[in-house]
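User: Please take a close look at one part of this structure, the place where aromatic rings gather, and describe what surrounds it.

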Amino acid sequence: MGTVRIEKAHIEDALTLTALKKKVFDTEKEKWLRGQTGITDYNIQPPGYDSIEMNKYMIRELNYFKVLYGEVLVGGLILTVVGKRHGRIDRIFVDPLHQGKGIGSKVMRLMECEYPEVMTWELETSSRQLNNHYFYEKMGYKKIFGTDDEFCYEKKLKKGTIVEGESKGITMNGDTLTDGDLSELQVEYSNLKDIDFYGINGSNSTFSNSNLSGVSFNNCNLSEARFQNINLQKALIADLNLSQSEMGHLTLGGLHVHDTNLGEKNEPVMFERCDFHGSKFENCQLNHAEISSSDVTGMKINGISVEDLLKAYNSVQDKRKE
């Protein structure tokens, strides 16, 4: 077997990695979804898997590694490492031409060596990809959750001394609080800086009048959450499903919105009573879009003044009426 190694990917690798990822996931689709229509499986074809811009985003913001077999680029490994001890495998892919050579197993071991501080690794895979299940279980992962469409796996690498708490079934694993029932606890004026929350049920909890600068939310269920009177300056909001959500009373100065879509149902977006003075829309899909009752002073489409277009149109209409 040739030498397998992983190296951090760079923006200039995005084109090659996108083409390779598309090849891998399209092959998986052909293998597991052949002849099936009307099925959307985001583990077999992840959102944006064939998008160069999505890969650029992942290279910039996540832990994106190239997988090299000898000197040949044969795959990729995309990770999210958050907090102190937890990591998530977002994507791992190997060129079909090089599968079956033990590359995936070696990459997983290299990943663990690259992040020795990580105690728990998690990942999700399609319930249909049976070979993935065998592979992850062989690598020491255990299924912790499953639906008809998706399986979630977890691997714990280290265990500390267990110290039982005196109340509410609290367990201390080294300096880690586990299996504790802290529901309805009231916390006020406390220093919780650099705390790592993982695998918790925080539904219906509230954070108010608090300093959460630099906080990170990853792989969390925030459905029906409420964000009001929040300072989100310099925040990164990406790779989200915001369908049927509402945004109002926002200050959007300097906001950059890119690489968006309208979801499976292709539900149109509506901007109402918004000030987009001096804004630009570039390389966007605007077929059947409508702009009405709006001030288009200075607005241009492909360098052509909309005001001039409207004047020309109105002039033609007036002549037709004569």
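Analyst: Ring pairs join Phe135, Tyr136, Tyr141 and Tyr153 into a cluster. The model is a predicted one.

A pair of aromatic rings is described by the distance of the centres and the angle of the planes. For Tyr136 and Tyr153 the centres are 6.0 Å apart and the planes make an angle of 45°, a tilted pair. Tyr136 belongs to helix α4 (residues 130-138) and Tyr153 to strand β7 (residues 150-156), so the pair ties together parts that are 17 residues apart in sequence. Tyr136 and Tyr153 are both buried.

Helix α4 lies across β4, β5 and β7, and runs at about 165° to β5. These strands are part of an open sheet of seven, ordered β1-β2-β3-β4-β5-β7-β6, with mixed pairing. At the edges stand β1 (4-8) and β6 (142-146), each with a single partner strand, so one side of each has no neighbour in the sheet. From one strand to the next, the twist averages 30°.

Strand β7 pairs with β5 (residues 120-126) in the antiparallel sense, over seven bridges. Within this pairing, Glu122 has Glu154 of β7 as its bridge partner.

Another ring contact involves Phe151: Lys143 lies over the face of its ring, 4.2 Å from the ring centre.

Across the whole structure, a search finds nine aromatic pairs. Among them is Tyr115 with Trp121, an edge-to-face pair at 6.2 Å centre to centre, with 70° between the planes. Both Tyr115 and Trp121 are buried.

Conventions: Residues numbered from 1 in each chain as written. Predicted model: local features only at pLDDT ≥ 70, side-chain atom pairs only at ≥ 80, totals over all residues. Heavy atoms only, no water. Phe/Tyr/Trp six-rings, centres within 6.5 Å; stacked < 30°, edge-to-face > 60°. Buried < 20%, exposed > 50% of the residue type's maximum accessible area, 1.4 Å probe, protein only. Helix = DSSP H or I, 4+ residues; strand = E, 2+ residues; numbered from the N terminus. Lys NZ or Arg CZ within 6 Å of the ring centre and 35° of its normal. Pairing = 2+ DSSP bridges. Axes fitted to C-alpha atoms, helices over the stretch in contact; angles between N-to-C directions. Contact = heavy atoms within 4.5 Å.
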